[in-house]
Amino acid sequence: MLDALSQEGPRTPTELARRTRTHVATMTGILARLERDGWIERRPDPADRRSVRIHAAGIDRLTEAYSRINEKLAEHVSGWSAEQVEMITRFLIGVGDIVAAFSENMAGKQESQMVEPTQVHRTPSCPQRGSNPRPMD
């Protein structure tokens, strides 16, 4: 969320909840903790006095944290070929796209249309929780 605020600019709490696929009540608690810890600021919305916009406040701290993570990731893949890095990058982007599409699909369905976990088709390599997996050949 902080990265999104940094890149996309200020948002209302409702916009952030939609953007992160979080319930508005949950987002309220998250924003309270982020504000308490100095990561965000609430400012009046100039276009709507009834609303506030959330602004990223801890950009320097966020940049520092990401730079350390990026250094560690660079060390981790330093022995990899460019093809290997490209392959894992495509894989992770694809997984992210699949999860995002699934989340949006599920969020758009009415509760009566929701699929129960026991109704989800599972392949032998992904057994249902509590079942005995098929032995490997």
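How many salt bridges does the structure hold? Ten. Before I go through some of them, keep in mind that this is a predicted model, so what I'm showing you is computed from it.

Okay, let's start with a pair that reaches across the chain. The side chains of E15 and R53 meet in a salt bridge, with N to O at 3.2 Å. What I like here is that this pair links distant parts of the chain. E15 sits in helix α2, which covers residues 13-20, while R53 is in strand β2, residues 48-56. That puts the two partners 38 residues apart. How exposed are they? E15 has a relative accessible area of 29%, so we call it partly exposed. R53 comes in at 22%, and that also counts as partly exposed.

Next one: R50 and D48. Their side chains form a salt bridge too, at 3.1 Å from N to O. Here the two ends get different labels. R50 is exposed, at 78% relative accessibility, whereas D48 is partly exposed, at 23%.

Now over to helix α5, residues 82-108. E86 forms a salt bridge with R90, and the closest N and O atoms are 3.6 Å apart. Why does the spacing look the way it does along the helix? These two are four residues apart in α5, so about one helical turn separates them. On accessibility, E86 is partly exposed with 40%, and R90 is exposed with 51%. The line for exposed is over 50%, so R90 gets that label at 51%.

While we're on salt bridges, there's also a network. Which residues does it join? E8, R11 and R19, through salt bridges that share partners.

You'll find V99 in helix α5, and its relative accessible area is 49%, so V99 counts as partly exposed.

So, to recap: ten salt bridges in the structure, including E15 with R53, linking helix α2 to strand β2, and E86 with R90 about one helical turn apart in α5.

Definitions and conventions. Residues are numbered from 1 along each chain as its sequence is written. This is a predicted model: local features need pLDDT of at least 70, side-chain atom pairs count only at pLDDT 80 or more; totals for chains, interfaces and linings use all residues. Side-chain values use heavy atoms; hydrogens and water are left out. A salt bridge is a side-chain nitrogen of Lys or Arg within 4 Å of a carboxyl oxygen of Asp or Glu. Buried means under 20% relative accessible area, exposed over 50%, partly exposed in between (1.4 Å probe, protein chains only).
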